[in-house]
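Thanks for coming, everyone. Let me put the structure on the screen, and then we'll walk through it together.

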Amino acid sequence: MNAKELLVRSLQLLEVGDARGWCDLFHPDGVLEFPYAPPGWKTRFEGRDAIWEHMQIFPEHLTVKFSQVSFYETANPDMAIGEFHGDGRAIVTGGVLSQDYISVIWAKDNQIMRYRDFWNPLRHLEALGGIEAAAKIVQRG
């Protein structure tokens, strides 16, 4: 898969709550970055195992459906820039998530080498019940 196909597949896997399958799209040395993560959240995860450690709880806390997926053309087929919208719900709080995203993916050997995910942390914090509740989820406390 090229970078664009990997991004599309990653969204499909998140929609069905398949965090393991999502992580398996990453190269063993892949990197996941959240440049605008909320306070107390890590902004970078290096290696598929670290990414899995972070993402394995995703399906326990959020459901999401993506729409309005579009791509910006790049000269490099191993790089994709995608923009999309997500609507979802926080499972514990019932809070509504309505979020716009821009993701940049670099691929190598049909796997994600680097995934930079840009989103508004305030939307996630609201859905998850505020900064303290969200921090407990992320810190598993």
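Which glutamate forms a salt bridge with arginine 44, with the closest N and O atoms 2.8 Å apart? It is glutamate 46. By salt bridge I mean a side-chain nitrogen of Lys or Arg within 4 Å of a carboxyl oxygen of Asp or Glu.

Two quick notes before we go on. This is a predicted model, where local features need pLDDT of at least 70 and side-chain atom pairs count only at pLDDT 80 or more, while totals for chains, interfaces and linings use all residues. Residues are numbered from 1 along each chain as its sequence is written, and side-chain values use heavy atoms, with hydrogens and water left out.

Back to the charges. Side chains of opposite charge can pair when their charged atoms come close. A search of the whole structure finds five salt bridges. Take glutamate 33 and arginine 44: their closest N and O atoms are 2.4 Å apart. Glutamate 33 sits in strand S1 and arginine 44 in strand S2, residues 44-46, so this pair ties together parts eleven residues apart in sequence. Strands are DSSP runs of E, at least two residues; helices are runs of H or I, at least four; both are numbered from the N terminus.

Glutamate 33 has a second bridge, to arginine 116, at 2.8 Å from N to O. Arginine 116 lies in strand S6, so here the parts tied together are 83 residues apart in sequence.

How open are these residues? Buried means under 20% relative accessible area, exposed means over 50%, and partly exposed is in between, using a 1.4 Å probe and protein chains only. Glutamate 33 is buried, at 8%. Arginine 44 is partly exposed, at 37%. Arginine 116 is partly exposed too, at 24%. Glutamate 46 is exposed, at 55%. Shared partners join Glu33, Arg44, Glu46, Arg114 and Arg116 into one network.

Now helix H1, residues 3-15. After H1 comes glycine 17, with a positive phi near 75°.

Next, the core. A nonpolar core is a set of buried Ala, Val, Leu, Ile, Met, Phe, Trp, Tyr and Cys residues joined through side-chain atoms within 4.5 Å. The largest one has 32 residues, and those with the most contacts inside it are Trp22, Leu32, Ile51, Met55 and Tyr115. H1 gives the most to this core, with six residues.

What does tryptophan 22 touch, leaving aside its neighbours within four places in sequence? Its contacts are Ser10, Leu13, Leu14, Leu32, Ile51, Met55 and Tyr115. Contact means heavy atoms within 4.5 Å.

Last, helix H3. Arg48, Ile51, His54 and Met55 are buried there.
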